[in-house]
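Here are two exercises to work through with the model open beside you. Take each solution one step at a time.

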Amino acid sequence: MNAMMRRVAVGTVAVSMALTMAACGKAGSDKKDSAASSDNKSIGLLLPENASSTRYESFDKPFIEAKVKELCADCKVEYNNAEGSAAKQKQQFDTLIAQGVKVIILDAFDAKSTQAWVAEAAGKGVKVIAYDRLATGPVSAYVSFDNEKVGELQGQALVDALGAKAADANVVMINGDDADPNAGKFKAGAHKVLDGKVKKIVYEQSGEWKPTVAGQKVGAAITQLGKDGFQAVYSANDGMAAAIITQLKSQGINVPVGGQDAGLDAIQRLVSGDQAYTIYKAYKPLADSAAQLAVNLLQGKDIKSVATSTIDSDTDKGIPAQLLEPKVVTKANIKDTVIADNLYKVADICTADFAAACTAAGLQ
């Protein structure tokens, strides 16, 4: 072999070795990236809105974060709020998957739109827990309340507020957003009670979980029915109930109005007599269950001890679920419910504006 040929051969071997080492280095890097992805200890938390209800920022988020930290000291919660936009929530969901998050707690703003998202996530090994609202698609678990029971409690509480006048009462119904499957459950449960115990549902519309819309719809009901054309208003939640009560007061109308969520302002309206009832869904047990499910799924543990029943969605059957029990709150049992559970202190409720009413209600 002449000198020229030897130089070519040596050069070729050197290039070959360099390429081989580079390939090995890349393979090693890929393995590290894969390991880093599989070791991701972040849990995604996506909540739906913060305009109609204060509960998500005040209770759900901090409770979930605290429980995750208790169960897994080195786990991190990646939080986002959709602020009432399904498109924004989809972007947030996609971002979490791109970041390598392996478990997402999803309270869907529009549960009917999530089927493709959840299916795509499942195909990438990402577990989705449907929180509060039953998202469509192959979710790994669901934690919420018995939402038809919530509606039944709302309906019965309104009947109780009407008392002897219930059988002759016309009722206005302002339901939740049609895109939320829970709204349909609340509505069905309320009708189950009201349809047999009041005279008639004379006006029924969706308030879209928006207080301004709910107020407008009640204004339209007053125009259509007259000030004496109805004797009670069913509101699917407290945020809408607040706007409804404001609208009724502006027209000089005083009829029972109820909601749900047991927000602090709603409890104060119970004390003052402006609102007849609310539904208390204990947020801490709900949040704790979601956090336990998330950590178990992240760590590859069984979830049957938490999700002790099953439920069917519009797209999937036999979803592992935990359904908690709601409670009615009226002025008479504030002490035995939200105060007893340390959701609020008497001082939180009985501010200066409500001091006299609190004294009359026996709260202080």
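A disulfide is taken here as a pair of cysteine sulfur atoms within 2.5 Å. Keep in mind that this is a predicted model.

**Exercise 1.** Find the disulfides of the protein, then work out which pattern they follow with bonded cysteines counted along the chain.

*Solution.* 
1. Begin with the count: there are two disulfides in the structure.
2. Cys-72 is linked to Cys-75, with 2.0 Å from S to S. The S-S torsion of this pair is about 70°, so the disulfide is right-handed. Both of these cysteines, Cys-72 and Cys-75, are buried.
3. Cys-350 is linked to Cys-358, with 2.1 Å from S to S. Here the angle about the S-S bond is -95°, a left-handed link. Cys-350 and Cys-358 are buried.
4. Now number the bonded cysteines along the chain, and the pattern reads 1-2, 3-4.

**Exercise 2.** Trace the open sheet of four strands: what is the strand order, and is the pairing parallel or antiparallel?

*Solution.* 
1. Read across the sheet: the order is 7-6-8-9, and the pairing is parallel.
2. Check the edges. Strand 7 (200-206) and strand 9 (257-258) each pair on one side only.
3. Look at how strand 7 is held: six bridges join it to strand 6 (residues 170-175), and the two run parallel.

Terms used:
Residues are numbered from 1 along each chain as its sequence is written. This is a predicted model: local features need pLDDT of at least 70, side-chain atom pairs count only at pLDDT 80 or more; totals for chains, interfaces and linings use all residues. Side-chain values use heavy atoms; hydrogens and water are left out. Two strands pair if DSSP finds at least two bridges between them. Buried means under 20% relative accessible area, exposed over 50%, partly exposed in between (1.4 Å probe, protein chains only).
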